[in-house]
Amino acid sequence: MCNVCGCGTGSVEGHGHDHDHHHAHHHDHGGGHGGDLHFGHGAAGVEVAGMSQARLIEIETDILSKNDRHAAANRARLAALGTFAINLVSSPGSGKTTLLCRTIEALGAQPLAVIEGDQQTANDADRIRATGAQAVQVNTGKGCHLDGHMVGHAMDHLDIAPASLLFIENVGNLVCPAAFDLGEDCKVAILSVTEGEDKPLKYPDMFTASRLALLNKVDLAPYCDVDLDLIEANLRRVNPGLEVIRVSARTGEGMESWLNWLQGSRLRKSARAVAE
């Protein structure tokens, strides 16, 4: 079980199943310079009392390799369909579900499906279904992220059309989802302007792993004393190749650019599937 958040169990709307989630996180409270505390030293990048760095690396490698096998199966399944899959990642409260609802409404008749990840409740899946889209809720319990096995199981409960879009809304967390491949084509990170300019620097792994960042709630920028250009600069500081689109689900700003990015990505994926 995860030493920080206890991930280990997930369920797809009543279909409970266990997962091997023993990835180690640091809890060793060592001292640092100038009174600061620095965790995560050593070859494994983590410290756990009583465990050697070699053992920690062995555990993490085993977990990720198992996950990668499930992710590879998901990826092959989606490639055969020519379906473009997006792993939506963010912190809680970024406006991820609202933005997804607006996106689905704007896409109209475009075939799509949604996998919703949350620790508890089916609230977000219910909101998605209210748009007319098919959605499956995955509750991770104490788990801090979706994994390849959960997503594959959820896909079994969806009618995924060829050349469609699959949105995977991950658990709100800027840490653990960065490490887990779900079989998606790419991660899209959603960052609200209300979270401040420094989030990309504090949580670099997530933004490094993402292909696109949606800078959301830009309509609130005048009220938050936030520098949008600085946020973008910090995003590209951790990932120079990251694409950034400024959006507002409330006002519709930037939605056309986001939709064009989605449809262009979908068409390129479906064209490759036909060619192969």
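L88 stands opposite E169 in strand β6. The model is predicted, so local features need pLDDT of at least 70 and side-chain atom pairs count only at pLDDT 80 or more, while totals for chains, interfaces and linings use all residues. Residues are numbered from 1 along each chain as its sequence is written, and side-chain values use heavy atoms, with hydrogens and water left out.

Strands (E, at least two residues) and helices (H or I, at least four) are DSSP runs numbered from the N terminus. Two strands pair if DSSP finds at least two bridges between them. β3 pairs with β6 in the parallel sense over 5 bridges. β4 also pairs with β6 in the parallel sense, over 5 bridges, and here E169 is the bridge partner of E116.

In a regular strand the side chains alternate between the two faces of the sheet. In β6, L165, F167 and E169 lie on one side and L166 and I168 on the other, and all are buried (under 20% relative accessible area, with exposed over 50% and partly exposed in between; 1.4 Å probe, protein chains only).

A nonpolar core is a set of buried Ala, Val, Leu, Ile, Met, Phe, Trp, Tyr and Cys residues joined through side-chain atoms within 4.5 Å. The largest has 28 residues, of which F167, V188, L214, W258 and W261 touch the most other members. Elements giving two or more residues to this core include β3 (84–90), β4 (112–118), β6 (165–169) and α9 (255–275). Apart from it lies another core of 19 residues, among them A178, A221, V226 and L235.
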